[in-house]
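This report describes one protein model for a reader who is new to structural analysis. Please keep the sequence and the three-dimensional view at hand while reading.

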Amino acid sequence: MKKAIYPGSFDPVTFGHQDMIIRSSAIVDELVVGVLNNRAKNSLFSVEERVSMLKEMTASLPNVTVDSFDGLLVDYMKEHGVTLIVRGLRAVTDFEYELQIAQTNHVENPDVETIFLTTNLQYSYLSSSIVREFAAYGGDISKFVPAQFIDRIYEKYNIKK
Ligand code: PNS
């Protein structure tokens, strides 16, 4: 039984995240999408809103659950019996940061391994911060996020479309 976690901020969730969730859930038995409840970070959506959007988005994937975590990822994983982390690599610019957190997590708990999936070429430019930047100026975000979330994102910037 291979249980993995796909952790992130998901602020907001994008088509890139969706693609990663679909592909990684196909190679493990169980996938937890772990939403970081980072109090220090000024997030656009509350952790409850982000969890709720991810639950909507993954409703049709039977082996995917969504949860939030506070503090260290390795602590959450120990508590929940998860030893595998899945992360996406978009470009070489992601590599240094990802390598550092993967190695730190492995040092903290040698049972923890990280696997990387290369992002779909279609979404290799995409990030939550790009979505926020476009939405803040009323730009078209329909190619970036699932349709049901578009209005919720604009609402955060008091933009009516
Ligand atoms: O979507 P993001 O913001 O790139 O995700 C980063 C995340 C949530 C995977 C990372 O910041 C994380 O695991 N944070 C929890 C705190 C932690 O365990 N830090 C140790 C890593 S060095």
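## Surface and basis of the model

The model is predicted: local features need pLDDT of at least 70, and side-chain atom pairs count only at pLDDT 80 or more, whereas totals for chains, interfaces and linings use all residues. Residues are numbered from 1 along each chain as its sequence is written, and side-chain values use heavy atoms, with hydrogens and water left out.

## Overall architecture

The protein has six helices and five strands. Here, helices (H or I, at least four residues) and strands (E, at least two) are DSSP runs numbered from the N terminus. Read from the N terminus, the order of the elements is β-α-β-α-β-α-β-α-β-α-α.

The C-alpha trace spans about 50 × 30 × 30 Å along its principal axes. For 161 residues, a compact globule would have a radius of gyration near 15 Å, and the 16 Å of the protein agrees with this. This radius is taken over C-alpha atoms, and the globule rule is 2.2 Å times the number of residues to the power 0.38.

## Burial, contacts and charge

Of the 161 residues, 45% are buried. A residue is called buried under 20% relative accessible area, exposed over 50%, and partly exposed in between (1.4 Å probe, protein chains only). Among contacts (heavy atoms within 4.5 Å) between residues at least 6 apart in sequence, 71% join residues at least 24 apart.

The protein carries 16 positive and 21 negative side chains, and the centres of the two sets are 4 Å apart. Lys and Arg count as positive and Asp and Glu as negative, while His and the chain ends are not counted. The place of a charge is taken as NZ of Lys, CZ of Arg, CG of Asp or CD of Glu.

## Aromatic rings

The structure holds five aromatic pairs. In the pair of Y6 and F10, the ring centres are 5.4 Å apart and the planes meet at 70°, so the pair is edge-to-face. Rings of Phe, Tyr and Trp (its six-membered ring) pair if their centres lie within 6.5 Å; planes under 30 degrees apart count as stacked, over 60 as edge-to-face and the rest as tilted. Both Y6 and F10 are buried. Elsewhere, Y125, F134 and F144 form one aromatic cluster.

## Backbone features

Most residues other than glycine have a negative phi, and most peptide bonds are trans. Which residues are joined by a cis peptide bond? The bond between D11 and P12 is cis, with omega about 0°. P12 is placed in the loop between β1 (3-8) and α1 (15-25).

F10 also belongs to the loop between β1 and α1, and its phi is positive, near 50°, in a residue other than glycine. With a relative accessible area of 3%, F10 is buried. N158, which is not a glycine either, has a positive phi of about 55°. N158 is found in the segment after α6 (150-156) and counts as exposed, at 72% relative accessibility.

T119 is located in the loop between β5 and α5 (128-136) and is buried, with a relative accessible area of 15%. Which residues does T119 contact, leaving aside neighbours within four places in sequence? They are M20, R23, L89, R90 and S124. T119 and M20 are 99 residues apart in sequence, yet their C-alpha atoms are 7.0 Å apart. R23, in helix α1, is partly exposed at 30% relative accessibility. The C-alpha atoms of R23 and T119, 96 residues apart along the chain, are separated by 9.8 Å.

I115 lies in strand β5 (residues 113-118) and is partly exposed, at 31% relative accessibility. Beyond its neighbours within four places in sequence, I115 contacts I27, L84, I85, V86 and R87. E98, in helix α4 (residues 92-108), is buried at 5% relative accessibility.
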